[in-house]
Amino acid sequence: MGTPGNGRADSTAAGTITVPGRGNVRVAPDVAEVRLGIISIRPTAAAARTAATEVMQAILDALRGAGVARADLRTTLVGLDAVRDYSSPSGPAITGYQLTNVVEATVREVETAGAVIDAALGAGATSMDGLAFRPADATDALAEARRLAIADARARAMTLAAEAGVGLGRVVGIVEGGSLDGSLPVPVGLLAKAGSAASTPVEAGTSELTIAVTVVFAIA
């Protein structure tokens, strides 16, 4: 009988059956992650920075006013680039500077995500390039997904053993092949409606947590 080495299943070991298993659990997300930003273009870098700073401060104030805690706000991008005009026969010429500032907000009352987005857009946000939903605590759901993955692997192995006319023995190796955290991205182009009087519609739906395993059974 072969045994796995270094914690990995040895699919070539004699006297074993190696099978995959997969467990899926659906959960209702209760946290939203949203990324919003501002792009400021001005003749000088200093002017671009000043304009972006003023607008981003207004966005942060609006997010906090909509119920997002300061600890749940993170700056994820601050970038400065020259704006060039390539139409001149003499070559590219710098015509201004573009400053990009992006903040990510964790919304812990998922039903308020639309209102949070509206508040940021109303305060001057000009970009929204990310929105995802996730459970705040996936511990129990992942444990259930692991149980289902092992059960799936055992069912596969029992079928193979029965068809081969052998008995299924004990488990001699398990490798977890990874998991999906259940975050559910949303096509933000359908959600950001700056300048619209209508409220931004946001539905969290459900997310699927998945665990994949490889299990090695001894042949009895």
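1. Basis. The model is predicted, so to speak of local features a pLDDT of at least 70 is needed, and side-chain atom pairs count only at pLDDT 80 or more, while totals for chains, interfaces and linings use all residues. Residues are numbered from 1 along each chain as its sequence is written, and side-chain values use heavy atoms, with hydrogens and water left out.

2. Overall make-up. The protein has three helices and eight strands, where helices (H or I, at least four residues) and strands (E, at least two) are DSSP runs numbered from the N terminus. Their order from the N terminus is β-β-α-β-β-α-β-α-β-β-β. Of the 220 residues, 36% are buried; buried means under 20% relative accessible area, exposed over 50%, and partly exposed in between (1.4 Å probe, protein chains only). The protein exposes about 11800 Å², of which carbon and sulfur atoms supply 54%; these areas come from the Shrake-Rupley method with a 1.4 Å probe, and for residues only the protein chains shown count as cover.

3. Contacts along the chain. A contact means heavy atoms within 4.5 Å. Among contacts between residues at least 6 apart in sequence, 81% join residues at least 24 apart.

4. Helix H1. The 21 residues of H1 should span 30 Å at 1.5 Å a residue, and the end C-alpha atoms are 30 Å apart, which agrees; the expected span is 1.5 Å times one less than the number of residues. Buried residues in H1 include Met56, Ile59, Leu60 and Leu63. Their cover includes strands E2 (31–42), E3 and E4 (93–107) and helix H2 (113–122). Just after H1, Gly67 has a positive phi of about 105°.

5. Asp72. This residue sits in the loop between H1 (45–65) and strand E3 (73–85). Asp72 counts as buried because its relative accessibility is 10%. Leaving out residues up to four places away in sequence, Asp72 touches Glu104, Ala105, Thr106 and Arg108.

6. Pairing of E2. Two strands pair if DSSP finds at least two bridges between them. E2 pairs in the antiparallel sense with E4 over 11 bridges, and also in the antiparallel sense with E5 (residues 127–134) over seven bridges. Ala32 has a bridge partner in each: Val107 in E4 and Phe133 in E5.

7. The largest nonpolar core. Such a core is a set of buried Ala, Val, Leu, Ile, Met, Phe, Trp, Tyr and Cys residues joined through side-chain atoms within 4.5 Å. The largest has 24 residues, and Val34, Leu36 and Leu63 touch the most other members. E2, H1, E4, H2 and E5 each give two or more residues to this core, and H2 gives the most, with five. Apart from this core lies another of 17 residues, among them Val27, Ala138, Ala141 and Val213.

8. H3 (residues 139–164) has 26 residues and reaches 38 Å from its first C-alpha to its last, close to the 38 Å expected. The buried residues of H3 are Ala141, Leu142, Ala145, Ala149, Ala153, Ala157 and Ala161. Leu209 lies in strand E8 (residues 207–219) and is buried, with a relative accessible area of 0%. The C-alpha atoms of Leu209 and Ala141 are separated by 7.4 Å, although the two residues are 68 apart along the chain.
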